[in-house]
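Please keep the view open beside the text as you read.

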Amino acid sequence: MKRNSARTRRAYIVEALLEYMVSLLVTGAFLAAILKQVGVSDALTGVVSSFISFACVAQLFSSMIVRKGSSVKRRMLILALVNELMFSTLYIIPFVPLGQSVKTALFVVMILGAYLILNLTTPVKYKWLMSFVGANERGRFTANKEIVSLIGGMLFTLAMGRLVDYCKEIGREQTGFILCGVTMVAVSLLHMVSILLCDDEPENAPRPQADNQLKAAFSMITGNKALRKLLLIDVLWKTAIYMSTPYYGTYLIGELGFSLTFVSALGIVYGVVRALASPQCGRIADRRGWSSLLTLCLIVAAAGFLVNAFTRPESRMLYVVYYVFYAVSMAGINSGLTNITYDYIDEGYFAQAMGARNAVSGVVGFLASLLGGVIVSRIQAAGNTLFGLNVYAQQVNSAVTFALLIALLAYTHFVIAKMPRLSDEKSAS
């Protein structure tokens with residue numbers, strides 16, 4: 001059967017938007033608001049928020065879900081439905097008549113299970129849908145896909161944030177959260193439709209062996225020098241990010257005193273800035289390679305976290321400055337961390353390489369979030385003081401992230417950028 005690449009690319013853009021909309025309701029300030037209803041502490045909220053990193057370990061086993069002759073699309077469809085229904089239940093758990101410890105445990109099981117399923121499908125789905133995009137078009141296509149997701153996502157978060165705040169104002173906060181859950185179910189069903197509109201991968205397409213995935217993944221890391229160097233990028237990035245960002249949600253609606261509506265408005269600023277920066281980042285990647293793009297974007301990210309190290313209740317608008325810097329940087333980092341694999345690893349090993357990198361760095365990122373939680377707990381227990389100075393935990397975490405990003409920037413510029421790309425080696429031969 002002839003593949004309809006154009007239709008699948010369009011459907012992929014819509015699929016990414018709908019998946020992003022679901023994720024927005026279970027991250028950041030929205031997740032912090034749900035956990036606040038459960039009665040979870042700020043430190044534990046940050047740990048729960050970082051499950052997205054820990055769940056990356058599931059990517060080691062991604063090739064087990066599609067064997068030779070099986071339908072990739074059918075498996076993605078079923079697992080996406082289960083994953084998103086589990087996410088939807090998170091908005092109901094706070095109001096179930098159970099003890100706080102039971103509700104907390106149930107919440108952890110559901111969100112971790114949902115993220116494990118999501119990560120299990122990520123490498124296979126990405127390889128499947130990106131096979132409909134030409135090698136010299138990936139930067140621009142990824143940028144266009146992100147622009148659609150960002151514009152749609154920022155309008156969606158503004159509407160949902162206003163809904164929750166309005167229900168809270170009229171004393172119907174429970175109704176607001178339940179409506180969020182219902183909305184998530186509706187978006188999930190539309191997500192299923194978008195997957196159905198994509199062409200399936202051919203049955204004779206090469207598939208990795210499903211046996212002994214753990215051994216195969218780590219053999220690939222130890223046997224491939226380029227992959228080992230790329231792995232360190234992921235490790236440093238996730239260590240830096242998960243030291244601080246999981247704890248910003250509670251900071252925003254707690255110490256900084258922002259409403260969910262304002263947080264959602266910040267999402268619009270983020271979306272507009274990132275949408276404007278994405279095309280430029282795509283062009284840089286296509287012309288100069290992903291390592292050059294990452295170097296540039298890491299400089300911007302480091303500047304943003306440095307600004308956030310000075311964000312306090314009396315200077316809370318500095319968070320907006322940080323968020324603008326972060327938006328610009330993520331226009332390139334988000335796609336760069338994934339697509340840089342194509343520069344140095346044969347495309348046939350993409351899913352395995354991506355799974356191995358994300359699994360290892362995900363565990364490290366989760367451990368970093370635990371350390372970040374310790375910092376939050378200790379500083380808050382000391383009355384927001386450190387070495388006799390009045391300081392908030394999120395300021396300290398931001399400073400640590402800044403230092404780690406400087407180290408990552410140096411590594412990317414002086415090590416990764418010096419590695420020969422596959423396209424350069426093919427041209428030379």
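Let us begin with methionine 110, which touches Met86, Thr89, Leu90 and Ile93 when residues up to four places away in sequence are left aside. Do keep in mind that this is a predicted model. Methionine 110 has its place in helix α6. Along the chain, methionine 110 and methionine 86 are 24 residues apart, yet a separation of 5.9 Å is found between their C-alpha atoms. Is methionine 110 buried or exposed? With a relative accessible area of 17%, methionine 110 is buried, because the cut-off for that class is under 20%.

Helix α6 also brings us to a helix pair. The partner is helix α1 (residues 5-24), which packs against helix α6 (residues 100-130) at an angle of about 155°, and the two axes are 11 Å apart. Angles over 145 degrees count as roughly antiparallel, and α1 and α6 are therefore roughly antiparallel to each other. Their crossing is left-handed. On the α1 side you can pick out Thr8, Tyr12, Glu15 and Glu19, which meet Leu118, Lys125, Tyr126, Leu129 and Met130 of α6. Sorted by class, the contact of α1 with α6 holds five nonpolar, one polar and three charged residues.

Which residues does serine 194 touch? Not counting residues up to four places away in sequence, serine 194 touches Ala11, Val14, Glu15 and Leu18. Serine 194 itself lies in helix α8 (residues 173-196), and at 3% relative accessibility serine 194 counts as buried.

Helix α12 (residues 260-288) and helix α13 (residues 290-308) pack with their axes 7 Å apart, at an angle of about 140°. That makes α12 oblique to α13. Cys281, Ile284, Ala285 and Arg288 of α12 make the contact with Trp290, Ser292, Leu293, Leu296 and Cys297 of α13. The residues of this contact of α12 with α13 comprise seven nonpolar, one polar and one charged.

Here are the two pairs side by side.

| Helix pair | Angle | Axes apart |
|---|---|---|
| α1 and α6 | about 155° | 11 Å |
| α12 and α13 | about 140° | 7 Å |

In soluble globular proteins, nonpolar side chains tend to be buried together. In this model, the largest nonpolar core has 85 residues, and those with the most contacts inside it are Phe87, Phe107, Trp237, Ile333 and Leu405. Which helix gives the most to this core? Helix α14 (residues 318-344) does, with eleven residues. Another core, of 22 residues, lies apart from the largest one, and its members include Ile13, Leu77, Val133 and Tyr342. As for leucine 405, its contacts are Trp237, Ala240, Leu298, Ala301, Ala302 and Phe305, again not counting residues up to four places away in sequence.

Asparagine 384 lies in the loop between α15 (350-381) and β1 (385-386), and its phi is near 60°, a positive value in a residue other than glycine. Phenylalanine 387 is found in the loop between β1 and β2 (389-390). The phi of phenylalanine 387 is also positive, near 55°, and this residue is likewise not glycine.

How values were computed:
Residues numbered from 1 in each chain as written. Predicted model: local features only at pLDDT ≥ 70, side-chain atom pairs only at ≥ 80, totals over all residues. Heavy atoms only, no water. Core = buried A, V, L, I, M, F, W, Y, C linked by side-chain atoms within 4.5 Å. Buried < 20%, exposed > 50% of the residue type's maximum accessible area, 1.4 Å probe, protein only. Helix = DSSP H or I, 4+ residues; strand = E, 2+ residues; numbered from the N terminus. Contact = heavy atoms within 4.5 Å. Axes fitted to C-alpha atoms, helices over the stretch in contact; angles between N-to-C directions. Parallel < 35°, antiparallel > 145°, perpendicular 65-115°, else oblique. Left-handed = near helix turned anticlockwise from the far one by under 90°. Nonpolar A, V, L, I, M, F, W, Y, C, P; charged D, E, K, R; others polar.
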